[in-house]
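Student: I am new to this structure and would be grateful for a close look at one part of it, the pockets, together with their setting.

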Amino acid sequence: MTLSPIPRSSPNQEPRPDGVPVDILLVHYTGMPTGAEALERLCDPASRVSAHYLVDEDGTVFALVPEERRAWHAGVGFWLGERDVNSRSVGVELVNPGHEWGYRPFPPAQMEAFAALARGILDRHGILPHRVLAHSDVAPARKEDPGELFDWRSLAARGIGLWPEPDALDDGPGYAVAEAQDLLGRFGYEVAASGVLDAPTRIAATAFQRHFIPDRVAFGLDRTFMRVLRAAVRQAEAPVSR
């Protein structure tokens, strides 16, 4: 698919800091009633929010901020010890009303456009599969987007993102709080190894489920969750072939 993004410059941008790699692709939904409202807000200087791209439901792509500049899309977040997610990420917003305004599946035309856009972003910056993330991954206490209807699995089959497939190496006990905290932290979430099933652990586990086990959101640290989490960490930490 050949993309021809429509230029629509947002004033909400600034230079990226020197020496910080762009190594995250961060996926959002707009969470507003219409795409037109979302585009207006992303380009409104009073909103102080933006993204590098906006993908409408019909597959139209708007280019809002050049990739070499810092857009304001992630807000307060965390991933693998880093808190300034904006400085090291490219942010893509997908038009969808979200959980507040009538959450619905992402249409095929939109997903095709996103896949083509994402493939280019990953190639330009060398972003690894396990660093294609949801907004809810880096800010799980605040965000749910792009949510459980976003088809991460089919994207991973096309080389965009990670989709863990457990095997015998990932067998073990379910409801292993200390192990889950260790693995969630190693994968990237902000979770302390307390051995207690506290609120941050529950929140991070739900975010992980929303991304990687969307039919089992809020099922807890059961055997399925632990197997998928072990597989995700094993695959993320595997040596990268160049």
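The answer below begins with the model as a whole and then turns to the pockets and their surroundings.

Tutor: The model is predicted, so local features need pLDDT of at least 70 and side-chain atom pairs count only at pLDDT 80 or more, whereas totals for chains, interfaces and linings use all residues. Residues are numbered from 1 along each chain as its sequence is written, and side-chain values use heavy atoms, without hydrogens or water.

The protein has eight helices and eight strands (DSSP runs numbered from the N terminus, with at least four residues of H or I for a helix and at least two of E for a strand). Its radius of gyration is 17 Å, close to the 18 Å of the globule rule for 242 residues, so the protein is as compact as a globular protein of that length (taken over C-alpha atoms; the rule is 2.2 Å times the number of residues to the power 0.38). The C-alpha trace spans about 50 × 40 × 35 Å along its principal axes.

The largest pocket has a volume of about 520 Å³. A pocket is an open set of points on a 1 Å grid over the protein atoms alone, where a 1.4 Å probe fits, with protein on both sides within 12 Å along at least five of seven lines; lining residues have an atom within 4 Å of a point. The volume is the space filled by probe spheres set on the points, which are joined across faces, edges and corners. Of the 25 residues that line the largest pocket, Tyr 29, Thr 30, Arg 41, Glu 93 and Lys 143 lie nearest its centre. Strand β3 (24-29) and helices α1 (35-42) and α2 (98-101) each give at least two residues to this lining. By class, the lining holds eight nonpolar, ten polar and seven charged residues (nonpolar: Ala, Val, Leu, Ile, Met, Phe, Trp, Tyr, Cys and Pro; charged: Asp, Glu, Lys and Arg; polar: the others, Gly among them).

The second largest pocket contains about 230 Å³ of space. Its lining has 15 residues, and Val 138, Ala 139, Pro 140, Ala 141 and Glu 190 lie nearest the centre. Two or more lining residues come from each of α4 (135-138) and α7 (199-212), and α7 has the largest share, three residues. This lining divides into ten nonpolar, one polar and four charged residues.

Two backbone details complete the setting. A cis peptide bond, with omega about 0°, joins Asp 145 and Pro 146, and Pro 146 lies in the loop between α4 and α5 (152-157). Arg 48, although not a glycine, has a positive phi of about 60°; Arg 48 belongs to the loop between α1 and β4 (53-55).
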